[in-house]
Amino acid sequence: MIIKLKENERIDDLQRNGYQIIQNPDKFCFGMDAVLLSGFARVKPNGDVLDLGTGTGIIPILLEAKTKARHLTGLEIQEESADMARRSVLLNRLEHKIDILTGDVKEADILFKAASFDVITCNPPYMPDRHGIANPDEPKAIARHEILCTLEDVVRNAAVLLKPGGNFFMVHRPFRLAEIITVMAKYKLEPKRMRLVYPYADREPNMVLIEGCRGGRPRMTVEKPLIIYKARNQYTDEIYDTYGY
């Protein structure tokens with residue numbers, strides 16, 4: 001299918017099922033965190049999935065390639081990103097499996113029926129609005145800083161939209177881990193599984209992958225560390241084998 005690209009856009013190969021994605025490097029491109037989240041998330045066959053703050057649609061597209069989900073929906077507030085996501089869905093002929101909606105995460109509980117998803121994923125803005133220096137480019141700033149939605153906005157809406165026993169998967173920064181667990185517990189998304197991600201074996205972790213279950217019982221499994229690089233520009237075998245990066 002021929003899809004028209006806009007100024008500064010490009011098509012990147014996802015190395016999964018021949019799928020491709022449209023991105024604009026001047027705005028925002030997906031990173032390793034999205035790839036790792038798509039590998040960490042577990043979707044049962046015929047499950048319905050919602051990705052909050054989907055950006056250019058990378059997580060729904062990768063989950064369609066990796067799982068047997070019945071249907072996937074991406075919600076994105078920035079119309080430019082949502083438009084790229086929709087065209088990527090068409091590019092990969094996935095319009096029967098993936099829907100992209102333009103909308104606010106804070107209003108997700110209005111846009112969708114309560115208890116209507118088996119799985120919800122999110123790669124949210126990591127930085128509190130006043131923490132650090134916000135990128136002067138607005139799309140990147142919105143993606144990285146809590147300008148339009150907060151951690152609590154994400155968790156609160158996920159708790160409403162998940163079916164009882166449904167699962168929430170998120171990638172975030174370890175320095176906010178105590179807050180993450182506290183907020184998840186507040187909204188009865190019981191933390192069930194966690195994995196810390198390290199750039200190198202001798203460095204501090206720079207990402208955390210976490211799973212919560214709506215109404216789950218208290219008990220969390222901490223998985224072995226995930227190491228990204230074994231040497232400069234050389235991924236570890238697990239990154240190649242498990243995540244297909």
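**Close-up views of a predicted model**

**View 1. R10 stands opposite Q23 in strand 2.** Strand 1 (residues 10–13) and strand 2 (residues 20–23) pair in the antiparallel sense, over 4 bridges. Two strands count as paired if DSSP finds at least two bridges between them. Strands here are DSSP runs of E with at least two residues, and helices are runs of H or I with at least four, numbered from the N terminus. The hairpin of strand 1 and strand 2 has 6 residues between the strands. In this hairpin, Q15 takes a positive phi near 55°.

This is a predicted model, in which local features need pLDDT of at least 70 and side-chain atom pairs count only at pLDDT 80 or more, while totals for chains, interfaces and linings use all residues. Residues are numbered from 1 along each chain as its sequence is written, and side-chain values use heavy atoms, leaving out hydrogens and water.

**View 2. Helix 6 packs with helix 7.** Helix 6 covers residues 151–161 and helix 7 covers residues 177–186. Their angle is about 35°, and their axes are 9 Å apart. Axes are lines fitted to C-alpha atoms over the stretch in contact, and angles run from 0 to 180 degrees between N-to-C directions. Helix 6 passes helix 7 in a right-handed crossing, where the near helix is turned clockwise from the far one by less than a right angle. L151, E152 and V155 in helix 6 meet E179, I180, V183, M184 and K186 in helix 7. Contact means heavy atoms within 4.5 Å. By class, this contact has 5 nonpolar, no polar and 3 charged residues.

**View 3. Helix 6 is mostly covered.** Of its 11 residues, 8 are buried, meaning under 20% relative accessible area with a 1.4 Å probe and protein chains only. Among them are D153, V154, N157 and L161.

**View 4. C149 is in no disulfide.** A search of the whole structure finds 0 disulfides. A disulfide is a pair of cysteine sulfur atoms within 2.5 Å. For C149, the nearest cysteine sulfur is that of C122, 6.6 Å away. C149 is buried, with a relative accessible area of 12%. C213 also counts as buried, at 13% relative accessibility.

**View 5. R193 lies in strand 8.** This strand spans residues 189–198. R193 counts as buried at 7% relative accessibility. Not counting residues up to four places away in sequence, R193 touches F40, R42, F169, L209, I210, E211, M220, T221 and E223. R193 and R219 are 26 residues apart in sequence. In space they are 8.5 Å apart, C-alpha to C-alpha.

How values were computed. Nonpolar A, V, L, I, M, F, W, Y, C, P; charged D, E, K, R; others polar. Buried < 20%, exposed > 50% of the residue type's maximum accessible area, 1.4 Å probe, protein only.
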